[in-house]
There are 2 protein chains.
Amino acid sequence: MNLSSLGEREVIDRIWEIVGKKENYDDCVYLDRGNYYQLITTDFVGEGTHFMDNWNARKIGRFFATINLSDIAAMGGEPEIFMASMFFPKRMDLGFLEDFMKGMLEILNDFNVPYKGGDLKESRIIGFSGIAIGKVEKERIMLRNAINKGEGVYITGELGKQAAGYFLWKNGIEEGADYILDVYPRIREGREISKIARACMDLSDGLASAVVFMRNANYGLDIDFNSLPIHKLAYEVSEDYDIPLEYLATGFGGEYELVYTSPKKIFGKEIGVVDEEIGIWKDGNKIKGEGYAHFSKALDKA
Amino acid sequence: MNLSSLGEREVIDRIWEIVGKKENYDDCVYLDRGNYYQLITTDFVGEGTHFMDNWNARKIGRFFATINLSDIAAMGGEPEIFMASMFFPKRMDLGFLEDFMKGMLEILNDFNVPYKGGDLKESRIIGFSGIAIGKVEKERIMLRNAINKGEGVYITGELGKQAAGYFLWKNGIEEGADYILDVYPRIREGREISKIARACMDLSDGLASAVVFMRNANYGLDIDFNSLPIHKLAYEVSEDYDIPLEYLATGFGGEYELVYTSPKKIFGKEIGVVDEEIGIWKDGNKIKGEGYAHFSKALDKA
């Protein structure tokens, strides 16, 4: 059986079955270090999956650092160091690597996170696997499922810009790529949110995936679609290419904004409430879909 | 300018130039945590560079865990946790992933290192990027250049088996692949060695690369080629395929044995001394070469 007939979540479940025990894993691994948790996360971006080799390398570098730091942000933490395992084909131009590094360092420098090295290898494709290590005070850690009934659901930023960029790019409009890569780590927001909120995750795979993960046995996110902050580009792309706005805003992801539940708003916009009516609802109907999953699509036309 | 015209070490130098400051980096990154150093390392293995997709997946998994833990061993440390960023094409069979995981876990279980998860993504090729995190008492850390004049140079295990395996495989003998993958992390040896020795590194890129890195302004490794413990397969391959034994034993690497300098032998075999006559010498002549460097060769026939 090949991976595409299973999909990402089943493959992950199978991996944990083989391991025999699911470890403390949320947006990051978290390790008890006495009075704080150490946070460790890794995120891979590869040619053909996340970018093409003719895209702007500086922006790819910014994107790469962002999506790694974003997992630290989602748990309320502060990043401490960054490392990267980088692999390239021989054919690659040194200028691409230099621009990539500059972009990556721009983001790291914004948060005073030192780059500590990593691994450099030859490969058939260009790929980067990042490691971000950070920390969070024990009482401020935010977990995906630490929701409480009656809390509001909030989101930083807007939805659907990256999805819109993807479909623009797929339709031959090169600037679409820049929208896909235009993300920023919500570290500062995450630090503030963690003073009050206990449940949070980042939108790597879309708001619909937050509904899947941010729940417990009885309660979950009850989201009103009409209250969502949707980027204007998503409206345009939805109309121009006849793609459902619901899919662009909730099913694709890549925004790397934070969704959190809290007794009160700290940043962003209220989009729902924690209760038994779990789902994203539009005019009384539940929107289908569970967010982005790998092995179902990619940039490559396979 | 493309990467193959520069070579791995120049590319790494260029990266540190862009970063502006070279961080504490040896076989691992090491971070001051009060009474100990935290050790962090990452190593990538990819299809076409380190293995082919028709090789034994369980052995690839063992190899992958080994080369990551090996960097902890080289600094005298104990591994604490392991993570992996894994990426696969859709076409990949679930059985390959399962066998890979089993092999990886065999090695981790030997050292009671829990697998803590990581990242799973779609990609054009199969690749794995590992993260090993460990610790070492401050007084027991071993660094590549912490050599002292007059110390002996020692090596665990034998040289050239993996190089021999590579050339067998290149010449159509499939079992060669098993020799390439047959490595084991020298964690227990590293712990013992670190009670006495201060300088150590692992042989990922060959003994000749240890000569490049294990030195200071005045002193380095003075190694007698005739004293080297060379695997019998290297002698056979050298003869059968007319490849210099010196290259197989010192220029290729992949053994993941430990080389260390010490006032006395702890494990393995004495192969030289720390003094001003830096190099690997055979019958009065210095052997050429500085060990394996990426972007100069790989499994792919490019």
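Analyst: Helices (H or I, at least four residues) and strands (E, at least two) are DSSP runs, numbered from the N terminus. Thr42(A), for example, lies in strand 2 of chain A, residues 36–46. This is a predicted model, in which local features need pLDDT of at least 70 and side-chain atom pairs count only at pLDDT 80 or more, while totals for chains, interfaces and linings use all residues. Residues are numbered from 1 along each chain as its sequence is written, chains are lettered from A and ligands numbered from 1 in the order in which they are written, and side-chain values use heavy atoms, with hydrogens and water left out.

User: Which residues does the UniProt annotation "binding site" cover?

Analyst: UniProt positions are given here in the numbering of this model, with shortened feature names, and annotations may be inferred rather than shown by experiment. The unreviewed UniProt entry places its "binding site" annotation on Thr42(A), Asp43(A) and Asp119(A). They are spread over 78 residues of sequence, yet they cluster in space, with a largest C-alpha distance of 14.5 Å.

User: Is Thr42(A) buried or exposed?

Analyst: Buried means under 20% relative accessible area, exposed over 50%, and partly exposed in between (1.4 Å probe, protein chains only). Thr42(A) is buried, because its relative accessibility is 2%. Asp119(A), located in strand 4 (residues 115–122) of chain A, is also buried, with a relative accessible area of 11%.

User: What is Thr42(A) in contact with?

Analyst: Contact means heavy atoms within 4.5 Å. Leaving aside neighbours within four places in sequence, the contacts of Thr42(A) include Asn68(A), Ser129(A) and Gly130(A), as well as Gly118(B) and Asp119(B) of chain B. The side chain of Thr42(A) also reaches the backbone oxygen of Gly130(A) at 2.9 Å. Asp119(A), for its part, touches residues including Ala84(A), Thr42(B) and Asp43(B), not counting residues up to four places away in sequence.

User: What rotation superposes chain B on chain A?

Analyst: Copies are superposed by least squares on the C-alpha atoms of residues with pLDDT of at least 70 in both. Here a rotation of 180°, with 0.0 Å of shift along its axis, brings chain B onto chain A with an RMSD of 0.0 Å. The two copies are therefore related as by a two-fold rotation axis. Both copies use the same surface, as 100% of the contact residues of chain B recur in chain A. In chain B, Ser129(B) comes closest to the rotation axis, at 3.4 Å (C-alpha).

User: How many salt bridges does the structure hold over all chains?

Analyst: Side chains of opposite charge can pair when their charged atoms come close. A salt bridge is a side-chain nitrogen of Lys or Arg within 4 Å of a carboxyl oxygen of Asp or Glu. Over all chains, the structure holds 46 salt bridges. One of them pairs Asp27(A) with Arg144(A), whose closest N and O atoms are 3.2 Å apart. This pair links distant parts of the chain, 117 residues apart, and both Asp27(A) and Arg144(A) are buried.

User: Where does Arg124(B) lie, and where Glu47(A)?

Analyst: The side chains of Arg124(B) and Glu47(A) meet in a salt bridge at 3.3 Å, N to O. Arg124(B) lies in the loop between strand 4 and strand 5 of chain B, and Glu47(A) in the loop between strand 2 and helix 2 of chain A, so the pair joins two chains. Arg124(B) is partly exposed at 33% relative accessible area, whereas Glu47(A) is buried at 3%.

Definitions and conventions: Polar contact = N/O pair within 3.5 Å; in protein donor to acceptor, adjacent residues only side chain to side chain.
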